[in-house]
Amino acid sequence: MKSKKDLTMQIQRIRAVHGRHRLYGRAQNLVIQYNHNMSMTEENDALWRKYMRCHYPGGTVRPEMGSTAAHYLKLMYELKYPKAVYAG
């Protein structure tokens with residue numbers, strides 16, 4: 001199982017070691033695809049809706065909801081998804 005955080009760290013490691021390799025662009029494209037697949041899950045959608053309820057319509061975070069918004073953002077970033085989601 002991987003999270004968006006795991007994928008971010010993985011692409012950073014690949015960049016540090018193989019940033020000039022011809023397959024780096026392919027690896028980066030895969031990470032973007034996996035990230036998109038994770039974002040389309042029901043779990044992520046539910047967390048996103050909760051996260052957006054912490055904001056004013058203009059997009060700024062409500063002062064009393066700052067820690068709650070940060071919590072939901074962290075959950076979206078660290079939630080582990082089954083391999084079928086990110087490899088599908």
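User: What are the ground rules for numbering and confidence?
Analyst: Residues are numbered from 1 along each chain as its sequence is written, and side-chain values use heavy atoms, with hydrogens and water left out. The model is predicted: local features need pLDDT of at least 70, side-chain atom pairs count only at pLDDT 80 or more, and totals for chains, interfaces and linings use all residues.

User: How do you know that the span of helix α1 agrees with its number of residues?
Analyst: Helices are DSSP runs (H or I, at least four residues), numbered from the N terminus. The expected span is 1.5 Å times one less than the number of residues. Helix α1 has 15 residues, 4-18, so it should span 21 Å; its end C-alpha atoms are 21 Å apart, which agrees.

User: Which residues of α1 are buried, and what puts them on the same side?
Analyst: Buried means under 20% relative accessible area, exposed over 50%, partly exposed in between (1.4 Å probe, protein chains only). Lys-4, Leu-7 and Ile-11 are the buried residues of α1. They cover an arc of only 60° around the axis, so they share one side of α1. The arc is taken from the directions from the helix axis to the C-beta atoms. Exposed Gln-12, Ala-16 and Val-17 sit on the face turned away from the buried side.

User: Why is the pair of Trp-48 and Tyr-51 called tilted?
Analyst: Rings of Phe, Tyr and Trp (its six-membered ring) pair if their centres lie within 6.5 Å; planes under 30 degrees apart count as stacked, over 60 as edge-to-face and the rest as tilted. By this rule there is one aromatic pair. The centres of Trp-48 and Tyr-51 are 5.5 Å apart and the planes are at 40°, so the pair is tilted. Both residues lie in helix α3, three residues apart.

User: Why do Trp-48 and Tyr-51 get their accessibility labels?
Analyst: Trp-48 has 42% relative accessibility, so it counts as partly exposed. Tyr-51 has 14%, so it counts as buried.

User: What makes up the largest nonpolar core?
Analyst: A nonpolar core is a set of buried Ala, Val, Leu, Ile, Met, Phe, Trp, Tyr and Cys residues joined through side-chain atoms within 4.5 Å. The largest has eight residues, including Leu-7, Ile-11, Tyr-24 and Val-31. Helix α2 gives the most to this core, with four residues.

User: Why is Thr-41 called buried?
Analyst: Its relative accessible area is 10%, so Thr-41 is buried. Thr-41 lies in the loop between α2 and α3.

Terms used. Helix = DSSP H or I, 4+ residues; strand = E, 2+ residues; numbered from the N terminus.
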